[in-house]
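Reader: Please show me the structure, and then let me put some questions about it.

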Amino acid sequence: MPFCAIILVAVAVSCSHHEGDYVPTARKAQFKAQRTNWHDLLGRHCPRFGHSRVVAVPLSKPAAIGTELKDYKLQLSFDGDRFLTPWMPIIGKRAPKIPFLDVELRRSGTELLGVRAKVSELPSGMEESYRQLITEFRNASYWPKHIIVHYHFKADNDVDLDRGLYVLLIVGLVAAGLLCLNALTGAQGKLGQFVHDMVIEDSAPSTSQVWKGDGKAE
Ligand SMILES: *[C@@H]1O[C@H](CO)[C@@H](O)[C@H](O)[C@H]1NC(C)=O
């Protein structure tokens, strides 16, 4: 019985990510008013829990599209569709020349709380490292193109502390409950014994006391 309670608490607390785990990520594209299905990203293109990393995510060529693509939007989903980004312009009038995707993942302890994504122009400091991918991106007929993505994590410490206290409170309550239960079940036996002893003492008090008194006196 105590073991069951402890296991339940452990399950409630352990819905979480470990440091460095891949956070499952999927992408979806929209072009010419068509939308693709969700495609899971490979581990090497996903965020790793708690780590900051820059990756080049491949975007496959939209089917049935000629050479010129005027509009391409991307949406990402994280942690099994728990968090979705809005549709982000990657190619087209409202898109940057060379898009750079900044993804901030908000965490508390081992839990993912939210995701914020923003598309902007590739920072000039990064152009040197991605020269080849930039050339491919500018070439309208070259596919797959790649988008440079920067994943980074932000810790939400206040919430973490609250949750920690909450977990402590639950553990404390369960422990108290178990102690009470133990005391009760143990007490039934002890109470019986106590009542039994009382009855025996009550039933023959005078004689035994007299005899004891006599023994001590002599
Ligand atoms: C653009 O990409 C296509 C397809 O890969 C290639 O044939 C062509 O040479 C490229 N154009 C330039 C200017 O690099």
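Reader: Which residues are around the ligand?
Author: This is a predicted model, in which local features need pLDDT of at least 70, side-chain atom pairs count only at pLDDT 80 or more, and totals for chains, interfaces and linings use all residues. Residues are numbered from 1 along each chain as its sequence is written, and side-chain values use heavy atoms, with hydrogens and water left out. A residue is near a molecule if one of its heavy atoms lies within 4 Å of it. Around the ligand, the residues are N139, S141 and Y142.

Reader: How far from an oxygen atom of the ligand does a polar side-chain atom of N139 lie?
Author: N139 is one of the residues around the ligand. Its polar side-chain atom and the ligand's oxygen atom are separated by 2.3 Å.

Reader: How much of the ligand does the protein bury?
Author: Accessible areas come from the Shrake-Rupley method with a 1.4 Å probe. The ligand taken alone exposes 360 Å², and of that the protein buries 30%.

Reader: Is D81 buried, partly exposed or exposed?
Author: D81 sits in the loop between β5 (72–78) and β6 (83–84); strands are DSSP runs of E, at least two residues, numbered from the N terminus. Buried means under 20% relative accessible area and exposed over 50%, with partly exposed in between (1.4 Å probe, protein chains only). Because its relative accessibility is 45%, D81 counts as partly exposed.

Reader: How far apart in space are D81 and T25?
Author: In sequence, D81 and T25 are 56 residues apart. From C-alpha to C-alpha, the distance in space is 8.1 Å.

Definitions and conventions. A polar contact is a pair of N or O atoms within 3.5 Å; within protein, one must be able to donate a hydrogen and the other to accept it, and residues adjacent in sequence count only if both atoms are side-chain atoms. Helices (H or I, at least four residues) and strands (E, at least two) are DSSP runs, numbered from the N terminus.
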